[in-house]
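Subject: Structure for you to look at

Hello,

Here is the structure I promised to pass on. Please open it beside this note and follow along.

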Amino acid sequence: MVQVACLSLESANLKADLTPKDYIAVPPALWRAWLRWHGSAQSVDGQFTRKRLSGEFFPDGKEALELYPMDILLLGHDKKKLKDVDGIQQTSPWACAQVSRSCTVDELLQLCKTELRLGDGDARLVVALYHKLWLVGEEGNTLLDDGKRTLHQLAAKGKRVSKFLLELRDANGVWPEELRASLTGTQISSLASTSGRPGAVGLVNSGNFCYRNAAIQCLARVSPLTEYLLDENRMNLLKRGDANNNDSFTTTLEYSKLLKEMWAAKKKNISPNSFNDAVRSADQFDDGEQHDCQEFVSFLIERFHTCVAKIEHEKLANHESEETDTDAGSSRATSTTAGDEETSDENMSDEEKGEKEYPLTKLLHLGQLRSRLICRKCKSSSSVFEAFTSLSLPIGFENVELYQIIVVRRDGSVPRRYGFRLPRECTIGTFKGLIAEASGVHKDALTIQCLSKRGYFMKSSSTDDDTLLSSVPSGARLYALHLPEDTPEWRVAIHRKLQYNYEPYFLGSTGGFVVSQFGLPLILPCPSNISGKELYEDVMSQMRRFMDSTSPAISSRAHDPSENISFGYPFSLCLVDESWEWCGQCPALRFCRGCAIRPDSSPANIPENCGIAVDWLPIALYLKYNHSQELACEDDESVAETWSRHFAPSSLEHCLEKFSCPETLDVLIHCDTCNEKTKRDKVMTIWRLPRYLIIHLKRFEFLRGEGRMGKCKRVITFPLRQFDPTPFVDGHNGKSKYECIAIAVSYFFLQRCDRLLFKSRKKEHYEFFTMY
């Protein structure tokens, strides 16, 4: 017997075969009054509450009370147990519930998410065949994806639906049952109707093959290619070519079979196991690792082209052999017909000529680029043309970073935050100059300090003006602190919270405290003749804005945290080492947290190797320190302005402009006109557009100045219809309007690539294909 949590209020187990003579149904108001009369604390939604359901839930078709609700047992994949032979976690009881048969699948799933605290994570309910307690028929696992279906409707099919599998998507985005189906070759049936449009079928992701599924779904939207491969005659030709163990024919044949299964639309999800086995013959995709979707699309198009070209070549050869077998009496008519065809070729359009010259795959996706080398001295140029199936466009990487810094003045006023967009090669000195110009504080009176995301002071931050700003750790909070004006000698002071330590052994000798950093660092003047009282007063003046300085009307131990501290300060200043945890003067074996600086007129005598810590006792910190005011600051107009500029979306037209921008080559090339080696500008432009335009947006670019790859996170906007790239075409293609038919977005841990597929139609109207 396994004990599991109950998700609902269990009702009483009533006697079997109750009749209306055995009970009395009363309204909720009367039930409450009756409970109050007898002094019972039983709630209305208790053990004896029943719902009145319509006649569709009962065999006799009459409205009645639901005396016997359904008992539901929820199973889940147990990660603690060993995996079974299929490589999936075994299932075990997770929870139980008692629900009405009028409860829908969506309501049951929402109950599970709420009571089990699953949050917004992906979850779904499955009725599985493989579990030994379930008898659901021979069609395999059933996915409960029709949220409006009631439990009564599920039970009407003669299945035991009292046991469900609550399935959670794992961290890799894979459903465990889909992985099991992929490994075992079984299928997952669906409650939802699959009579949608042809091809609207999901592909089961098996491990790292999501890039393959995305490529298949995109290429399946190319109607001419799909219709070509779905033709039975061409499929027979593919089978004939596959008999020769040709890798291209094998891949194309399995892709054609997969399309046929998708277009049959008998299932909601399909496992492309045979197609994946055929792709393993390619060396670049045999490692089972994640790859670029654009590379796989180009790989498929190339293999399709090899098969289609061979098939069309065989058809043409057969056709020519039939012409040679004609009798000599028809040679005259044949020559006349050939003359007519030659005349008609002159009147053919470019697209019709392409259909005769290229196979279907190249005609659909093949475009042409023009690469020009322009001499920077005499402006003479030379051109080279090259074909492309995927157009890789740069997003327009800007080698700038967004920096936000908070300027903290010494007078205790509210700090002000400023925003800047600066190149990564900018130095700390240049940054200080910009901050001084924006804030009005002199450049030499500022020091830049860093705090980590958790609020700890980062000692590695440098104040040297020649230090690159890119050396600042990513995610660090930047502060520009105002330096004392009367002395060039100053120190950084860090707040420390003293927590009582009750460890009686080793750590008990550390004065009974465990320290932790918090708050904003302070800048304290440290001339040789400064007294301890002057240091304390300087700290009090800088902390004025987030300290509660009101004195209680009646003195008490609860409201006076300074009663045990000399001279009434709620904190103490201590000399510490570089780690800000131990004393900077005492030996290490003394376990001293820091020698206190006396708050009197005697000299402080601060050694050069010591830092200053502002220590707070727990009671003083709770009553005097206002943490909400510590991080409060005013935003300058530059914050919103730089933020909008840095994250403003770019357009697809802007990417095409970047693609055509001249690039100066590093190597000198001989110029025939100048008769010497000169610098050249390389310009890439589009010469001819394909019917189906595949656009690949490159997120990464090589930064020559820094010798590294840089990633652009800018959002790209593009039209779904009426996209016109003709202003960026050098050739005479006429007007071409595209429509977006597919978008593929690839999310990786270290990179992201974007692609668009644009599909075209005859001359006047085009479509496009987008991949992300």
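Below is what turned up, taken topic by topic.

A few ground rules come before the findings. This is a predicted model, in which local features need pLDDT of at least 70 and side-chain atom pairs count only at pLDDT 80 or more, while totals for chains, interfaces and linings use all residues. Residues are numbered from 1 along each chain as its sequence is written, and side-chain values use heavy atoms, with hydrogens and water left out.

**The second largest pocket**

The second largest pocket holds about 920 Å³ of space. On a 1 Å grid over the protein atoms alone, a pocket is an open set of points with protein on both sides within 12 Å along at least five of seven lines, and a cavity is a set where a 1.4 Å probe fits but cannot get out; lining residues have an atom within 4 Å of a point. Points are joined across faces, edges and corners, and a volume is the space filled by probe spheres set on them.

Of the 27 residues in the lining of this pocket, Val400, Glu401, Leu402, His646 and Lys713 are the closest to its centre. At least two lining residues come from each of β15 (400-408), α18 (637-646) and β32 (708-711), and β15 gives the most, with five. (Helices, H or I with at least four residues, and strands, E with at least two, are DSSP runs numbered from the N terminus.) Domain 2 (367-396 + 649-689 + 694-737) and domain 3 (400-547 + 568-641) each contribute at least three residues to the lining; the bounds come from an automatic or database domain assignment.

By class, the lining has 12 nonpolar, eight polar and seven charged residues. Here Ala, Val, Leu, Ile, Met, Phe, Trp, Tyr, Cys and Pro count as nonpolar, Asp, Glu, Lys and Arg as charged, and the others, Gly among them, as polar.

**Cavities**

The count comes to three cavities of 30 Å³ or more, and the largest cavity has a volume of about 110 Å³. Two elements give two or more residues to its lining, β18 (477-482) and β20 (513-525). The biggest share is from β20, with four residues. Among the residues lining the largest cavity are Arg409, His482, Phe546 and Gln542. Its lining has seven nonpolar, two polar and three charged residues.

**Cysteines**

How many disulfides does a search of the whole structure find? It finds zero, with a disulfide taken as a pair of cysteine sulfur atoms within 2.5 Å. For Cys574, the nearest cysteine sulfur is that of Cys592, 7.7 Å away. Cys574 counts as buried because its relative accessibility is 5%; buried means under 20% relative accessible area, exposed over 50%, and partly exposed in between (1.4 Å probe, protein chains only). Cys655 also counts as buried, at 0%.

In helix α2 (residues 105-115), Val105, Leu108, Leu109 and Cys112 are buried. Seen down the axis of α2, its buried residues fall within an arc of 100°, so they line one face of the helix; the arc is that of the directions from the helix axis to the C-beta atoms. Arg117, which follows α2, has a positive phi, near 55°.

Leu656 sits in helix α19 (residues 652-659) and Leu393 in strand β14 (residues 391-394). Although 263 residues apart along the chain, their C-alpha atoms are separated by 6.5 Å. Leu656 counts as buried at 2% relative accessibility, and Leu393 does at 0%.

Best wishes
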